[in-house]
Amino acid sequence: MLTGKTIIFGVTGSIAAYKTAEIIRRLKDLNANVRVVMTVNAVNFIGETTLRTLSQNPVYINMFHDSGSLEGPLPHITISDTADLFLIAPATANIIGKVASGIADDLLSTTLLSAGNKPVLMAPAMNERMYKSHIYKHNEKKLQIAGVKFINPEYGKLACGKEGEGRLASVDSIVSRVVDTLIGGNLFDTYDLKGKRVIVTAGGTREYIDPVRFIGNPATGKMGFALARGALAREADVTLISGKTFLVPPKNVKYIPVETADQMGKAVLDSFKHADILVMAAAIGDFKPKKTEKNKIKRKGMLKIDMKPTDDILEKLGKIKNGRITVGFAAETNNLIKNAKTKLKKKNLDLIVVNDITQPDAGFESETNIVKIIDRANDVEELPKWTKEEVAHRIWDRIVELINKNKGV
Ligand SMILES: Cc1cc2nc3c(=O)[nH]c(=O)nc-3n(C[C@H](O)[C@H](O)[C@H](O)COP(=O)(O)O)c2cc1C
């Protein structure tokens, strides 16, 4: 796919530098020529040997000795001359600030200043406070005006242990942007969801007992958001309906925030009329209080709350799906396969994705998931522990297989 394309891959001193190994491997799989330029500080985070071995090229670090001797007297110009694209991943606040100010005090910043009109992609990674600082935002804006494109970081667990915005974008989205910039395509060379109208639900719902208390679940929206990003990368027209979440919705989706199961149900029903595919990754409450108190309930002895079932959206839609593809999720604690198969049948689903939420690194709040995909023939596909991004793409692969089998969606 990227045969004949040379990517100058800048690596800077961020904790996310370990992820560059995977990005380089993926770019090499696409036949790109990858030439790594590291900052001196980046060497504290990932070894030069690793990047040299993976890129199958010399790694350039210093302006005046090793790289100079490798690339002649003006390494920054010689390296820059060979580039079809510059990718800086991870990009520290420091390199972004330096390039925005025209500072060229090491090999990478000097090479970038020599980029001319060639495309430059920067994938920032830093602590949320740094990412949200006025100084950083000012520098980013300056570079955007100069034509640099940014691959926005994600919300997620940061090096400091807290959750926030600033985590390096996923390997998938970085590689997709490189492919898109270089050859105007994307990783999924057929754009296999192009023109399909997709609804994805994400997050959990809240059922209010009184104005300040609710019954909810720990869903964060990560799986649904990964599905929405996956569908976007494959050029679908995406509606993302999500319960409360701290995640930032991807650009280019129609985003509908909701809170309760009733609101989720209404939003899904309204959107379903115009959809081809529905993937329900949201954890929707099965019960709600019979009555929501208008005023905050005062503390006094025992409190009994009468509950009633919420509407079963998927079951409702199963009866009117009329050729549309519907995919459900089942978060189970026991009898996984049996329960999931019953749900698939009852709700007239095409696929059900089931996960055992008692396992570590699976389900709610986790970055990874361990799922099984069951189809109408009752075949069970077991996936290994994958990131939610990877699981999302496998689910879209399966949906595309169904589209091709059914045709006429
Ligand atoms: C453990 C550790 C992790 C760091 N992670 C980041 C980071 O993710 N993003 C960032 O902008 N700076 C980070 N820094 C600070 C940079 O390493 C520092 O600003 C350095 O000067 C960047 O140099 P460079 O841009 O030339 O590579 C980190 C520092 C330490 C000690």
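The domain assignment, which is automatic or taken from a database, divides the protein chain into domain 1 (6–183) and domain 2 (197–406). The model is a predicted one, in which local features need pLDDT of at least 70 and side-chain atom pairs count only at pLDDT 80 or more, while totals for chains, interfaces and linings use all residues. Residues are numbered from 1 along each chain as its sequence is written, and side-chain values use heavy atoms, with hydrogens and water left out.

The C-alpha centres of domain 1 and domain 2 are 36 Å apart. Where the domains meet, nine residues of domain 1 are in contact (heavy atoms within 4.5 Å) with nine residues of domain 2. Together they bury about 700 Å², of which 47% is on carbon and sulfur atoms; buried area is the accessible area (1.4 Å probe) that two parts lose on being put together, summed over both. On the side of domain 1 that touches domain 2, β6 (154–157) and β7 (163–167) each supply at least two residues; strands are DSSP runs (E, at least two residues), numbered from the N terminus. By class, this side of domain 1 has one nonpolar, two polar and six charged residues. Between domain 1 and domain 2 the count of salt bridges (a side-chain nitrogen of Lys or Arg within 4 Å of a carboxyl oxygen of Asp or Glu) is zero.

A polar backbone atom of G13 is 2.6 Å from an oxygen atom of the ligand. In the side chain of S14, an N or O atom is 2.8 Å from a ligand oxygen atom, and for the side chain of T39 the corresponding distance is 2.7 Å.

Notes
Helix = DSSP H or I, 4+ residues; strand = E, 2+ residues; numbered from the N terminus. Nonpolar A, V, L, I, M, F, W, Y, C, P; charged D, E, K, R; others polar. Polar contact = N/O pair within 3.5 Å; in protein donor to acceptor, adjacent residues only side chain to side chain.
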